[in-house]
Amino acid sequence: MCTLAANFKTPYSSRSMRLKIVFSFVLFALIFNPFTAKSEHGQEAGDSTDIRAEIKADILHHLQDAHDFHLFTDETTGTHYSFPLPIILWDGGLKVFMSSKFHHGEEVAEVDGSFYALHHNHIYKTDAEGTINYDDNDHVTNAHPLDFSITKSVFSVMIVSIIIFLLFKALGDGYKKSAVPRGVGKFLEPLVLFVRDEIAIPNIGEKHYQRYMSYLLTVFVFIWFINLTGLTPLGINVTGNIAVTFALALMTFIITQVSGKGYYWKHIFWMPGVPVPMKIILAPIELLGVIIKPFALMIRLYANISAGHIVLMSLIGLLFIFNNWFARGAFLGLTLFLSIIELLVAFLQAYIFTMLTALYFGFAVEEHDEHH
Amino acid sequence: MEKLISEFSVGLFFWQTLLFLALLFLLRKYAWKPTLMAVNRREKGIEEALESAELARKELKKLQSSNSELIQEARDEREQLLKEAKAMKNEIIAEAKTKAQEEANKVLTSAREEIKIEKSKAIEELKTQVADFSFQIAEKLLAEKLSDKDKQSDTVKSALNEINFN
């Protein structure tokens, strides 16, 4: 781990400050990824099928949300380095306790006489021994309480939200002193202008765009920042959770429908400019489109981020499967390259989500004279 | 699809929605509104400043062109004045010349007339003097002639002869 760090410190003597940041960011991600912490163990074992299974399990584990914030595990001693997060359950009453009670899923937590066990990142109600029952299809049959825990993703969202708020509040406050942004605002103001001039105005139009600016800006900044945290070595994967992208897409959907004007609805139910039979055929298709559009938003973001994480983690995993320095070097280079691509994807997905959201808003507020 | 549904976490959805909405409203109040307002104000300010600069530039240009026009006008006027002055000078000189000529002529004519008068006076005087002289001579002659009786009768006789009685 440390040797890698030493070897790769030389390439970033680039003069460009931005490039430097990108490089160090990716390198940091590579070197300190919790996954790489397993290198010692892998080399000693030398059993590639074992490592493969472990890598696969690790990737799957990473993609899912977790009830504690895991940093890394010392495999030789079996110690997990993590910090617990609060568990909030609704099971005939509110039950709040810390995830440390589960001891990383190894123990059953007893709260007010009920027993709960952690199984594949889901909390189930069990007996005192923590027995998990399966049906014929290997589905868990145990009852599970409504889980409102502050999971790793929720915790990350909180932290990132606070960071976003502080950063952009600094930008907003800066204008009290001068009309020109200062400090961090110099970097943040172009983002705001980008969303306004490249996303909102072209898609929604000068007339209506102002109403949607707050949402578009928040969505853009939020997705981008949260995607970026996914590239840190902390192993956060928020936008790779379908619940998160669903929440975002649902908001876009609701705002679109609420701001839909007569022309928008007419376009859906009684398409102008086509013969009557076509109007009848088009209505269900258009109506379906109303649902499909935000659905596509949800799936696109989720799939892109998940895929990115899987690919990156698999490539890092390959570093430990090959016992050959040439192959390792090649995969390290490839990982580095893909990390930079992911950095671009993080931005691109935020942009696409915001852009399409703006486009749907544009459809909703479109007026007759602007079209056909 | 089934995997997606089984992966769906109600808790995460709940927190995501709640936190996102909180972030949205907080950012709207503390970040987006002041930022967008400030940016708009600044952009408007820049636009106005550019416009006024353009206006000032045009004004300056106009002023410059009118300036050069003014200079040209002044130059023309000076030229005109100089020309006029020259003409006036010439006129004055010419007038003075003619006046002098006239004066000279007048003096000349009056001198001539005076000379004429003086001359006729002189002739008159000469005439009287000549007559005086003639009388004196005649007196002397007469005195001499009358002293002799014969001579007197001769003279009367010759004189009578000379006079024709017609």
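How many bridges join strand 3 of chain A to strand 8 of chain A, and do they run parallel or antiparallel? I looked this up first. I found 2 bridges, with the strands antiparallel. A:W90 has A:L146 in strand 8 as its bridge partner. Helices (H or I, at least four residues) and strands (E, at least two) are DSSP runs, numbered from the N terminus.

The model is predicted: local features need pLDDT of at least 70, side-chain atom pairs pLDDT 80 or more, while totals for chains, interfaces and linings use all residues. Residues are numbered from 1 along each chain as its sequence is written, and side-chain values use heavy atoms, without hydrogens and water.

Next, the hairpin. Strand 3 (residues 86-90) and strand 4 (residues 94-98) of chain A are antiparallel and share 5 bridges; strands pair if DSSP finds at least two bridges between them. A:I88 stands opposite A:V96. With 3 residues between the strands, A:G92 takes a positive phi near 65 degrees.

Then I checked helix 7 of chain A. Residues 209-229 span 29 Å from first C-alpha to last, close to the 30 Å expected (1.5 Å times one less than the number of residues). I see a bend of about 30 degrees at A:Y215, the angle between axes fitted to the seven residues ending there and the seven starting there.

Last, charges over rings (NZ of Lys or CZ of Arg within 6 Å of the ring centre and within 35 degrees of the ring normal). A:K152 lies over A:F69, 5.2 Å from the ring centre. A:R328 sits over A:W325, also at 5.2 Å.

Key:
Chains are lettered from A and ligands numbered from 1 in the order in which they are written.
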